[in-house]
Each structure stands twice: as structure tokens, then as C-alpha cells.
Amino acid sequence: MYLRELDLRDFRSWPELSLSLEPGVTVFSGRNGHGKTNIVESVIYSATLASHRVSSDVPLVRAGAANARISATTVNEGRELTTHLLISPREANQAQINRTRLKSPREILGVLRTVVFAPEDLALVAGEPAERRRFLDGLAAIRAPRFGGAKADYDKVLRQRNALLRNSNMALRRGYSDDSGASALSTLDAWDLQLARLGAQVVAGRMKLTNELAPQVHAAYASVAPESRAASISYSSTLDRAVKELAGEEAITAEILEAAFLTELSRRRRDEIDRGTTLVGPHRDDLVLMLGDQPAKGYASHGETWSFALSLHLAEYALLSAEGSAPVLILDDVFAELDAKRRQRLVAVAEEAEQVLITAAVGDDLPENLDDHVSARYSVEMVDGISRIAEATAKEADQ
């Protein structure tokens, strides 16, 4: 799989950009803040409908513009598909594949697949649970687009349920003693049923993915940091207690998860009414990362944290590659952060990929054995707040 064409309009610092790309290694070099990462960010957004840098679409639209457009042509085993995304912070985003308008942008998931290594990866290990949930959800949605739909629907129901808990709090506290309390509780029951059904699908998808990632992460970490403690991952859910009560030693099914969800919602209802928010569900879960018998967060050294972050993405790359064409590999200003051993492991993966997109402040950041595979170099600079690009010679890229 590789990206053949990339066209941008009003995306970040790019009023316009039109690039023709080839398989192999493409390097974008330039000073920090001049727009090179914005290029690969647009590719990532085309693949995942999310940025690896920000959680909102607002910063993606160039200042003064109403919307941004990303068009990307992907070649996968000889078949070409062009996706078009219109990003509108104040309206619903729109998407097309070739000339066909899609009902939802989620329908483009899977056309282009990417795996990204970036400095932000440290947050996967050292950051809050939301970072790890985002990692799981992004990968799960690419592999199974239906998961993305269930997660989006869950988030919508969650917002509505939380709004009820906040806005009808006094009525909920009164309970069935008056009509308004009874009506609010009846509405809460209805939201509970929807939340449990959708949340069970999300938790089931995350658990399945975690089980598939676990051996890959263990092996990847051992190859990156053989001198360190063994790495392992597991999924921790707010439903664990109820699941154990309901399932015991039996296999965990979506039906059991749904029943466990309803059990926990019933158990925590008074607390949720008191606090005005939903305390049960996948929005409260975490991907637990362990080194030996200690959690990586808070106990891992800086080098171990980098090794674990790399291992998560190496495992992601292995899963996606096993399902067909290797994804496009994106290395965003990452080599300057890595020691020789971790660079070597990343280069080994890059040499297997059909296409690699790299950003670097200077060409010297590239390992020599990867530099030999470079098929195109571009120099990025910013003039009066607008990014510009030009093909660069090897000498220019090294400056």
C-alpha cells in the first residue's frame, strides 16, 4: 500500500499543496514549526479521521478559512481509490470516495492505513488513560469499521445521558415521589439500555484487540530492549467486577458484557446522580501496561518508556501487515529522540514497508542505512505564515 497523490487546501499552514509520491522513503526536512509535520498529519487524518497531535478539528483549518480539504489517492495491490475529506469545525465533516458522496466520513476508514511513530508517543505510556483508549479505538476502527460506528454512537448516547444527569439532577434526586422525578428516571432507564448495548460492543472490541496485541507487544519489546523486564498489556474495565460475578470462568461474550454494564449502572446509580456524570463504561477504562510486576507508568525509565511506546506501534504494524498490504509507515521527527538501538529496530521495520514518510529537522537525523533507501526529498519552509515546499538535493537536505 502506498500514497500516490496528496492534495491539500487550507489545511493548517498550507493554503495549497499538491504532491505526487512514490513507493520507498520520502523525506520532508525543514525547521520546526515550518509545516513539515502538517503534511504527514493530513495523511494520518485521511487514514484515521483523527490527528496525532490535537483532539479537535478546529486547529486543522487554516486561520481565516471556513474549512479544509484533504484528497488522497491510495494504491493497494494495483487498485486506486481517492478519498476526499472536507473538514468543517462548525458543521459536520463530509467525505467522498472517488466521485461517490458518503453518508458518514467513517466509511473511508480502511482505504488508507498508516502506522505513526512520533514524539507524542511517550504519552501512550506516561500519559492519561484517554491516550491509550484513543490508541486502541483508532486501531480497532481501522481493522473493523463497524467498531468505529459503535464507538461514535456510544459517545453520542454518553453525552445525552450525562446531560440528563446534570440538567435533571434535582428531579432525579426526588425519584418517584413526583411526576418530574419519575419521568427523569424513566428517561435514565432508556439511556441505560442504549449505553449498555453500545458500550458492550466497544468493550468487546477493545478486549479482542488487546488479546491480539499482547503477544506482539511482548515480542516487540523483547527485541527493542532485551536487557529490560518483560512487557505485558491487559485491558482494565469498570465492568470487571460484574463480569466476574456473571461469567465466572466462562468465556466473556457481548451479552455478558451488556448484562454486566446494566448491573454496574444499577449499582452506581446513586453515585452517578450525586456526581452528575456517568461513572461506568469504556470511557473510564484503561489499557494497562506492565514491565515485570510493575506498571510502566510511573516506574519505567525514559528509555523503557520509549521502548514500550515503540513496541505498541510495532505490534500495531505487525497486525495490520498480517491482514494484507503493509500500511504506510510515518516517522515524524522521531529519530532525533532515539538511541542507536531503537533507531536500528525502527529502521528494520522501515526497510520492510512499501512506503515510508519521514519528517526531520535536518537530514543528519536519518540513520545511514535508511538514508540509502530515500527516493525523494523535499525541503519545507515558511514565509509570512504560509508553508512552501520544494524538491531538495541530498546536500540541501543535510543542511
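Here is a friendly conversation about pockets, domains and a few residues in this predicted model.

Me: What makes up the lining of the largest pocket?
Reply: The pocket has a volume of about 1700 Å³. Of its 46 lining residues, Thr48, Leu49, Ala50, Arg134 and Gly138 are the closest to the centre. Several elements each supply at least two residues of the lining, including helix H1 (36-48), strand E8 (114-117) and helix H11 (302-322). Helix H3 (129-143) is another of these, and H3 gives the most, with 10 residues. By residue type, the lining divides into 21 nonpolar, 11 polar and 14 charged.

Me: Which helix gives the most to the lining of the second largest pocket?
Reply: That is H6, with five residues. Helix H6 spans 179-224, and H3 and H4 also supply at least two residues each. This pocket has a volume of about 330 Å³. Among the residues that line it are Phe147, Gln201, Lys208 and Glu323. The lining divides into five nonpolar, two polar and five charged residues.

Me: Why is His34 called buried?
Reply: Compare its value with the cut-off. A residue counts as buried when its relative accessible area is under 20%. His34 has a relative accessible area of 14%, so the word buried applies. His34 is found in the loop between strand E3 (24-29) and H1. Leaving out residues up to four places away in sequence, His34 touches Ser13, Val380, Glu381, Met382 and Ser387.

Me: Where does the "binding site" label that includes His34 come from?
Reply: The label comes from UniProt, in an unreviewed entry. The annotation covers Gly30, Arg31, Asn32, Gly33, His34, Gly35, Lys36 and Thr37. An annotation of this kind may be inferred rather than shown by experiment.

Me: Why does Thr37 count as buried?
Reply: Thr37 has 13% relative accessibility, so it counts as buried by the rule of under 20%. Thr37 lies in helix H1. Apart from residues up to four places away in sequence, Thr37 touches His52, Arg53, Asp332, Asp333 and Thr359.

Me: Is Asp333 buried or exposed, and how do you know?
Reply: The relative accessible area of Asp333 is 19%, so this residue is buried, with the cut-off set at under 20%. Asp333 is placed in the loop between strand E12 (328-332) and helix H12 (340-352).

Me: What makes Glu304 a buried residue?
Reply: Its relative accessibility is 17%, so Glu304 counts as buried, given the limit of under 20%. Glu304 is found in helix H11. Not counting residues up to four places away in sequence, Glu304 touches Tyr221, Ser228, Arg229, Leu291, Tyr299 and Arg342. The C-alpha atoms of Glu304 and Ala353 are separated by 25 Å.

Me: Which residues does UniProt list for "domain: RecF/RecN/SMC N-terminal"?
Reply: The unreviewed UniProt entry lists residues 2-361. Over this stretch the chain is 49% helix and 21% strand, with its end C-alpha atoms 24 Å apart.

Key: Residues numbered from 1 in each chain as written. Predicted model: local features only at pLDDT ≥ 70, side-chain atom pairs only at ≥ 80, totals over all residues. Heavy atoms only, no water. 1 Å grid on protein atoms, 1.4 Å probe; cavity = no way out; pocket = protein on both sides within 12 Å on 5 of 7 lines; lining within 4 Å. Points joined across faces, edges and corners; volume = space filled by probe spheres on them. Helix = DSSP H or I, 4+ residues; strand = E, 2+ residues; numbered from the N terminus. Nonpolar A, V, L, I, M, F, W, Y, C, P; charged D, E, K, R; others polar. Buried < 20%, exposed > 50% of the residue type's maximum accessible area, 1.4 Å probe, protein only. Contact = heavy atoms within 4.5 Å.
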